[in-house]
Amino acid sequence: MEFIRSDDYHADSCWITWNHPNTRMKVTTYPMMHIASADYYRQIARELERCEYVLVEGVNWQRGDKRRHLYDLAAKNLGLAAQEDALQYPPSSKKINLDMPRSEFRTLLFRLPVRYILRVLLLRPILWVITLPPSFRRKAIIYGLLRRRRQQDRSHDTPFTDLIVGRRDNRIVENLERFYRGSGASEQTAYSAIVYGSGHMPAIAAGLRRLGFRPGTRRWVEMLRVPPENDGVAQARTPSTTRVKWS
């Protein structure tokens, strides 16, 4: 199952609505890139207004004022938006974090070799420096967001990716099952959303299938488009949507 498709010019996200034969809960999965068009995040926010529950990711592994969004500076340089800044969740929805607890993540992170710990600690300033030169920003989108994402889809074989993807996936699926057992029964149609990084979507989809959900309608929505050669930053664009009905 494909959740995000991209080439060197744009990236699209596949929004899938999952149905269950024994419950009236409908779950829509929204695969995310953490840097994208601001219009993309606004469109998701409008979608979430109908949802009773919004299931989200996020490991707050730092403490107090030391916590910073990892992608905010790079997104600003690229003329795009960071998910944590741009995506506004509706107050009418109950937001539930499915992710690994901070204490568990910190324990596992600081057991890794130093080079992996530094990758997390220094990621924010490194991304800022890389995206600072205007002449390099278009290449940063192509190589840093689009091509790197495609390469990551094919390889999760380091201790770092095992923590960031594999171990977190285990907790996500456990928490998803716990959520469904407690809130899945409904006498009327109820909408829920899962807003998660695309790298976690294979595990989430497998977890939904084990719970009895099956994929229904899917929509391909544009997340970002690479600017022309003579532009220094990406240009925000209203996402386009294509509806596809699965049999």
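I looked up Tyr-180 first: at a relative accessible area of 11% it is buried (buried is under 20% relative accessible area, exposed over 50%, partly exposed in between, with a 1.4 Å probe and protein chains only). This is a predicted model, where local features need pLDDT of at least 70, side-chain atom pairs count only at pLDDT 80 or more, and totals for chains, interfaces and linings use all residues. Residues are numbered from 1 along each chain as its sequence is written, and side-chain values use heavy atoms, with hydrogens and water left out.

**Aromatic pairs**

I got 6 aromatic pairs in the structure (rings of Phe, Tyr and Trp, the last by its six-membered ring, pair if their centres lie within 6.5 Å; planes under 30 degrees apart are stacked, over 60 edge-to-face, the rest tilted). One of them is Trp-15 with Tyr-40, tilted, at 6.0 Å centre to centre and 50 degrees between the planes. I placed Trp-15 in strand 2 (residues 10-19) and Tyr-40 in helix 1, so this pair ties together parts 25 residues apart in sequence (helices are DSSP runs of H or I, at least four residues, strands runs of E, at least two, numbered from the N terminus). Trp-15 and Tyr-40 are both buried.

Back to Tyr-180: its ring centre is 5.4 Å from that of Phe-213 and the planes stand at 75 degrees, so I noted the pair as edge-to-face. Tyr-180 sits in helix 8 (residues 159-183) and Phe-213 in the loop between helix 9 (201-210) and strand 9, so parts 33 residues apart are tied together. Phe-213 is buried too, at 1% relative accessibility.

I also found a cluster linked by ring pairs: Trp-15, Tyr-30, Tyr-40 and Tyr-41.

**Salt bridges**

My count came to 11 salt bridges (a side-chain nitrogen of Lys or Arg within 4 Å of a carboxyl oxygen of Asp or Glu). Among them, Arg-42 meets Asp-39 at 2.2 Å, N to O. Those two are 3 residues apart in helix 1 (residues 38-48), about one helical turn. Arg-42 is partly exposed at 43%, while Asp-39 is buried at 17%.

Arg-219 bridges to Glu-47, with the closest N and O atoms 2.8 Å apart. I noted that this links distant parts of the chain, strand 9 (residues 214-225) and helix 1, 172 residues apart. Both residues, Arg-219 and Glu-47, are buried.

**Arg-5**

What does Arg-5 meet in a salt bridge? I found Asp-12, at 3.3 Å, N to O. Arg-5 is partly exposed at 33%, and Asp-12 is buried at 9%. Arg-5 also lies over the face of Trp-220, 4.0 Å from the ring centre (CZ of Arg or NZ of Lys within 6 Å of the ring centre and within 35 degrees of the ring normal).
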